[in-house]
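Hello,

Here is the structure I promised to pass on to you.

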Amino acid sequence: AEARPGYPIGVAGFPTVLQAVDLPNPTIFGPGDFGYPDESVAVAKDERFKILIQPGEWFCDYYRPYCGDKLAPWPVGIDVEAWPDLSGGEKSLDFVVYDKIRWYRDERVPAILDALVAKLRADGRSVEVLRYGDHALGQYRSALSRARALLFLCEHETQGIAYQEALASGVPVLAWDEGVLTDPKQIPFAAPDLKVQSVPYFDERCGMTFKLDEFDKVYPEFWRSLASFRPRDYVLDRLSMEGAARAYLDLYRSIAPGR
């Protein structure tokens with residue numbers, strides 16, 4: 001890179017990386033974190049940085065007022081060999097409940113997690129709850145191998161690797177998706193009309209989403225439709241390792257010499 005200062009480079013990581021890579025080359029930064037929006041302005045103003053990657057479109061929208069048209073959505077690929085299709089195996093568990101409620105847990109765990117688990121059990125469903133950051137990877141793999149479905153509880157995700165690993169495993173997802181930004185550190189920088197998502201990569205093959213007041217209507221429809229979902233097909237189409245590599249190379253080539 002030092003020998004070819006006009007040739008583009010890719011840089012990934014946290015803002016401290018920018019200080020370590022002091023090169024004049026045209027640069028794609030990401031995947032990574034270039035700070036909260038007030039800090040990202042300085043990065044966006046730097047003429048070296050041609051593209052700033054964020055995992056999904058709504059998070060690009062969050063940064064766009066500060067970083068302009070340099071933003072590009074780019075999700076990392078899901079390794080479908082590491083997460084094989086488990087849909088044909090013997091299933092002994094109705095729902096894995098993935099608890100990734102991150103804010104105001106004293107209020108939200110009883111009102112959301114506990115309430116929904118109680119409704120599932122009252123309907124005769126077997127349930128296993130796993131909390132984000134409090135389980136081993138092997139536990140998650142084992143639960144997915146036994147599960148007919150995943151109930152995903154998270155306020156919002158920039159990509160959402162865990163639910164996508166479930167999709168790759170052939171496990172349909174029922175996702176709480178309120179569409180409201182909750183992170184108190186992000187709220188001061190957000191546009192008032194920003195729409196966030198808990199499952200930013202999702203379509204009708206993956207399962208269904210619901211707002212809290214819609215659960216009693218959506219859940220029965222989801223359960224009736226369980227056999228019709230094709231979640232792994234979505235991952236193969238939209239989130240494969242090969243597709244992610246091609247998408248990154250397309251971004252990289254867009255700032256290559258002669259473009």
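**Salt bridges and pockets**

R64 counts as partly exposed, with a relative accessibility of 28%. Please keep in mind that this is a predicted model.

Which residue does R64 pair with? Its salt-bridge partner is D61, and the closest N and O atoms are 2.4 Å apart. Both residues belong to helix α3, where D61 and R64 are 3 residues apart, or about one turn of the helix. D61 is partly exposed too, at 36% relative accessibility.

Because R253 and D250 are 3 residues apart in α9, about one helical turn separates them. R253 has a relative accessible area of 41%, so R253 counts as partly exposed. Elsewhere, salt bridges with shared partners link D22, D46 and R48 into one network. Within that group, the side chains of D46 and R48 meet at 2.7 Å, N to O. D46 is partly exposed, at 22% relative accessible area; the cut-off for buried is under 20%. Over the whole structure, the search finds 14 salt bridges.

The largest pocket has a volume of about 520 Å³. It is lined by 22 residues, and those closest to its centre are D33, Q54, F59, T158 and Q186. Which elements each supply at least two residues of this lining? They are α2 (37–45) and α3 (57–67). The largest share, 4 residues, comes from α3, the helix that also holds D61 and R64. Sorted by class, the lining of the largest pocket has 9 nonpolar, 7 polar and 6 charged residues.

The second largest pocket has a volume of about 210 Å³. There are 15 residues in its lining, and S87, G170, P172, F229 and P231 lie nearest its centre. Two or more residues come from each of β7 (147–154) and α8 (231–238). α8 gives the most to this lining, with 3 residues. By class, the lining of the second largest pocket has 7 nonpolar, 2 polar and 6 charged residues.

If you open the model, α3 could be a handy place to begin, with the D61 and R64 salt bridge and 4 residues of the largest pocket's lining.

Best wishes

Definitions and conventions: Residues are numbered from 1 along each chain as its sequence is written. This is a predicted model: local features need pLDDT of at least 70, side-chain atom pairs count only at pLDDT 80 or more; totals for chains, interfaces and linings use all residues. Side-chain values use heavy atoms; hydrogens and water are left out. On a 1 Å grid over the protein atoms alone, a cavity is a set of points where a 1.4 Å probe fits but cannot get out, and a pocket is an open set with protein on both sides within 12 Å along at least five of seven lines; lining residues have an atom within 4 Å of a point. Grid points are joined across faces, edges and corners, and a volume is the space filled by probe spheres set on the points. Ala, Val, Leu, Ile, Met, Phe, Trp, Tyr, Cys and Pro count as nonpolar, Asp, Glu, Lys and Arg as charged, and the others, Gly among them, as polar. A salt bridge is a side-chain nitrogen of Lys or Arg within 4 Å of a carboxyl oxygen of Asp or Glu. Buried means under 20% relative accessible area, exposed over 50%, partly exposed in between (1.4 Å probe, protein chains only).
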